[in-house]
Amino acid sequence: MFSQKGYDTSFLYGGDGYFDNMNNYFGNNGYTIVDRKRNSFVGEDYQSPRIPIEDKEVTFENAWGISDENLYDQVIKQADQKFAAGKPFYDFVMNTSNHRPYTYPEGKIDIPRDREGKAP
């Protein structure tokens, strides 16, 4: 429906979208994929491009993915590019901060951490 109206659609994920077949779903439904791209599979093929979030653009990451701050930096970067091109867009954004181990960058949240860097 978005593409019929001329919109550019993207799936932005703070982790690696191969998990749970998210890239397969979004990539074959017209969404450009923006994720960590840590894993790729032989024969992996989507109808849409897959753009990696580069290491140099990440200041914090845990087992699930990058910090929300780093993810939203990507969202803004992608949105600015589309806006500058005069293209309407819809971005589906999925963060990874909603479950354990609830780690976070030092100095960002005023909650004590244990020796392993986890919130109590």
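**Note on salt bridges, pockets and loop residues**

1. Lys82 and Asp8 form a salt bridge through their side chains, at 3.8 Å from N to O. The two residues belong to distant parts of the chain: Lys82 sits in helix α2 (residues 68-84) and Asp8 in strand β1 (residues 8-13), 74 residues apart. The model is a predicted one, and the distances and areas in this note should be read with that in mind.

2. Lys82 counts as buried because its relative accessible area is 7%, and the cut-off for buried is under 20%. Asp8 has 24% relative accessibility and is therefore partly exposed. Asp8 and Lys82 also belong to a network with Asp91, joined by salt bridges that share partners. In total the structure contains seven salt bridges.

3. A second bridge pairs Asp35 with Arg50, with 2.9 Å between N and O. Are Asp35 and Arg50 buried or exposed? Asp35 is buried, at 0% relative accessibility. Arg50 is buried as well, with a relative accessible area of 11%.

4. Arg36 makes a salt bridge with Asp55, and the closest N and O atoms are 2.8 Å apart. Arg36 is in the loop between β2 and β3, whereas Asp55 is in the loop between β3 and α2, so the bridge ties together parts 19 residues apart in sequence. The burial of the two partners is given by their accessibilities: Arg36 is buried at 4% relative accessibility, while Asp55 is exposed at 52%.

5. On the overall layout, the chain contains two helices and four strands. Their order along the sequence is β-α-β-β-α-β. The chain has 120 residues, and 35% of them are buried. Of the contacts between residues at least 6 apart in sequence, 39% connect residues at least 24 apart.

6. Next, the pockets. The largest pocket has a volume of about 230 Å³. Which residues lie nearest the centre of the largest pocket? They are Ser67, Asp68, Ser97, Thr103 and Tyr104, out of a lining of 16 residues. By type, that lining splits into six nonpolar, seven polar and three charged residues.

7. The second largest pocket holds about 180 Å³ of space. Its lining has 14 residues, with Gly15, Asp16, Ala63, Trp64 and Gly65 nearest the centre. Five of the lining residues of the second largest pocket are nonpolar, five are polar and four are charged.

8. Thr96 is found in the segment after β4 (89-94). Its relative accessibility is 6%, so Thr96 counts as buried. What does Thr96 touch, leaving aside residues up to four places away in sequence? The contacts are Tyr13, Gly14, Gly15, Trp64, Gly65, Ile66 and Asp68. For one of these, Ile66, the C-alpha atom is separated from that of Thr96 by 7.2 Å, although the two residues are 30 apart along the chain. Among the residues touched by Thr96 are Gly15, Trp64 and Gly65, which are also listed nearest the centre of the second largest pocket. Asp68, another contact of Thr96, is listed nearest the centre of the largest pocket.

9. Two backbone values deserve a check by eye. Asp20 is not a glycine, yet it has a positive phi of about 65 degrees. Asn21, also not a glycine, has a positive phi of about 60 degrees. Asp20 is located in the loop between β1 and α1 (22-27), and Asn21 is placed in the loop between β1 and α1. Asp20 is exposed at 64% relative accessibility, and Asn21 is exposed at 52%.

Note on methods: Residues are numbered from 1 along each chain as its sequence is written. This is a predicted model: local features need pLDDT of at least 70, side-chain atom pairs count only at pLDDT 80 or more; totals for chains, interfaces and linings use all residues. Side-chain values use heavy atoms; hydrogens and water are left out. On a 1 Å grid over the protein atoms alone, a cavity is a set of points where a 1.4 Å probe fits but cannot get out, and a pocket is an open set with protein on both sides within 12 Å along at least five of seven lines; lining residues have an atom within 4 Å of a point. Grid points are joined across faces, edges and corners, and a volume is the space filled by probe spheres set on the points. Ala, Val, Leu, Ile, Met, Phe, Trp, Tyr, Cys and Pro count as nonpolar, Asp, Glu, Lys and Arg as charged, and the others, Gly among them, as polar. Buried means under 20% relative accessible area, exposed over 50%, partly exposed in between (1.4 Å probe, protein chains only). Contact means heavy atoms within 4.5 Å. A salt bridge is a side-chain nitrogen of Lys or Arg within 4 Å of a carboxyl oxygen of Asp or Glu.
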